[in-house]
Amino acid sequence: MEPVDTGVTDAEPHDDGTPREDALVADEAAPPTLGQVLLAVEELWPESLAESWDEVGLVAGRPSAPVTRVMFAVDPTLEVIEEAVEWGAELLITHHPLLLRGVTSVAATTAKGKAIHRLIESGTALLTVHTNGDSAVGGVSDVLADALGLEGVAPLTLASNGLPEEGIGRVGDLPDVMSLGDFAARVFGILPSVAGGVRVSGDKDGLVRRIAVCGGAGDSLFNEVRASNADVFVTADLRHHPASEAREGAVNGRPYLIDVSHFASEWLWLPAAASALGNVLTDQGHDVEIQVSSTNSDPWDFILTPG
């Protein structure tokens, strides 16, 4: 059989045993394995920061497989997976888990089964960075707080296995006092466009400065929000009863509430996360293409409001 030209020179070492320069170039050009990417992810968003109920980490993929392209997305929907496959990503990193609750089958007769089959058959690994990505420094709520211009930011609730600056939610202060209406407009302006828009509870002309935020669903944090003396709480998926009770129990109308899209509040983290992972891999000598999904996985398509 004719030898295959791989494009890499099989160079002999120097007399002193050190590798030749062309051999070093070949080693540096080698893509990282999935296992090496997982170590970089663990450095940024340790699994120990995940909430006890959460399911994070590798869902599908061989740690020995090479990775040259990585895609970040909020949700592991079939559309997102297809986008990753078509782009040639060997790894898809999503914020939300595909298999949060136990299953007894991954047959391709269900949406989750189809997702698993498509991932494995295409050789695309899936990794979940969920509440560990929420809690870590530079995580979802940190990015949201930064986008809103907050200063002196601290966690709303401390991580049980983390640093003092790690935990779920953030609270901080605006440089200057704003009206609730103007601040809500700022929130609307930083988020990707989705059908649900932004809902506000409170006096439009009321003054706000201390802001609590939680990317994703944060209605379990009302006690922490009140304890932080926040003027307004920005989060997603506020249900009727928790929102109504918070409004009834408000002191001088505060905290006001701003309810945003779950998808939109967490999408902001993706470009920052992609950049952070790229920096770590580059520092380790790896050259990997990283891209953020362009798929809008917000489940709502349009909304009707009073005219």
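User: Is glutamate 289 buried or exposed, or does its relative accessible area place it in between?

Analyst: This is a predicted model, in which local features need pLDDT of at least 70, side-chain atom pairs count only at pLDDT 80 or more, and totals for chains, interfaces and linings use all residues. Residues are numbered from 1 along each chain as its sequence is written, and side-chain values use heavy atoms, with hydrogens and water left out. Buried means under 20% relative accessible area and exposed over 50%, with partly exposed in between (1.4 Å probe, protein chains only). Glutamate 289 has a relative accessible area of 42% and is therefore partly exposed.

User: Which side chain meets that of glutamate 289 in a salt bridge, and where in the chain do the two residues lie?

Analyst: A salt bridge is a side-chain nitrogen of Lys or Arg within 4 Å of a carboxyl oxygen of Asp or Glu, and here the N to O distance is 3.1 Å. Helices (H or I, at least four residues) and strands (E, at least two) are DSSP runs, numbered from the N terminus. Glutamate 289 belongs to strand E11 (residues 289–292) and its partner to strand E2 (residues 69–73), distant parts of the chain that are 220 residues apart. The partner, partly exposed at 24% relative accessibility, is arginine 69.

User: How many residues apart in sequence are the parts tied together by aspartate 173 and arginine 210?

Analyst: The closest N and O atoms of this salt bridge are 3.2 Å apart. Aspartate 173 lies in strand E6 (residues 167–179) and arginine 210 in strand E8 (residues 207–217), so the pair ties together parts whose separation in sequence is 37 residues.

User: Is aspartate 231, which forms a salt bridge with arginine 254, buried or exposed?

Analyst: The closest N and O atoms of the two residues are 3.4 Å apart. Arginine 254 is partly exposed, with a relative accessible area of 23%. Aspartate 231 has 16% relative accessibility and therefore counts as buried.
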